[in-house]
Amino acid sequence: MTHMAHDLVCWKCGASLAALTLPLRRLEECPQCRAELHVCRMCCEYDTRVATACREPTAEEVRNKEQANFCDFFQPRPGAYTAPNSVEVDKARAELEKLFGKH
């Protein structure tokens, strides 16, 4: 039985991954932004509060959390996308525009 990725969204751009089938292949890419999806940032075990950013104690450490890997513990997580902090982005943009004289 093939499961669809109904609740999954790309960790990088937030695009729906509903058209993809599970399990995700190691080199699966987001249909919109082409980001690799079998990555730590997309995994249920990903947690930046942990030293290795992984809650699975027996997993080998993966240095690049945004690149496809061979981790056997990979489980895609719904809600992997986090929108950039738009308030800080807007504030920084306003500061730059003020600095360079754009209005």
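**A surface patch and a core**

Leu96, Leu99 and Phe100 make a nonpolar surface patch of about 370 Å². Patch members have over 30% relative accessible area and no salt bridge (a Lys or Arg side-chain nitrogen within 4 Å of an Asp or Glu carboxyl oxygen). Nonpolar side chains are joined within 5 Å. Areas are Shrake-Rupley, with a 1.4 Å probe.

This is a predicted model: local features need pLDDT of at least 70, side-chain atom pairs count only at pLDDT 80 or more, and totals for chains, interfaces and linings use all residues. Residues are numbered from 1 along each chain as its sequence is written, and side-chain values use heavy atoms, without hydrogens or water.

Back to Leu96. Leu96 sits in helix α1, residues 86-99. Its relative accessibility is 47%, so Leu96 counts as partly exposed; that class lies between buried, under 20%, and exposed, over 50%.

Now the whole chain. The order from the N terminus is β-β-α: 1 helix and 2 strands, taken as DSSP runs (H or I, at least four residues; E, at least two). Of 103 residues, 29% count as buried. The chain exposes about 7500 Å², with 52% from carbon and sulfur atoms. The C-alpha box is roughly 60 × 35 × 20 Å along the principal axes.

Next, the core. What does Leu37 touch, beyond neighbours within four places in sequence? Leu37 contacts Cys10, Trp11, Leu17, Leu20, Leu24, Glu28, Glu29, Cys30, Met42 and Phe74, contact being heavy atoms within 4.5 Å. Leu37 belongs to the largest nonpolar core, of 16 residues. Such a core joins buried nonpolar residues through side-chain atoms within 4.5 Å. Leu37 is among the residues there that touch the most other members, along with Cys10, Trp11, Leu17, Leu20 and Met42.

How values were computed: Buried means under 20% relative accessible area, exposed over 50%, partly exposed in between (1.4 Å probe, protein chains only). Patches are made of residues with over 30% relative accessible area and no salt bridge: like charges are joined within 9 Å, nonpolar side chains (Val, Leu, Ile, Met, Phe, Trp, Tyr) within 5 Å.
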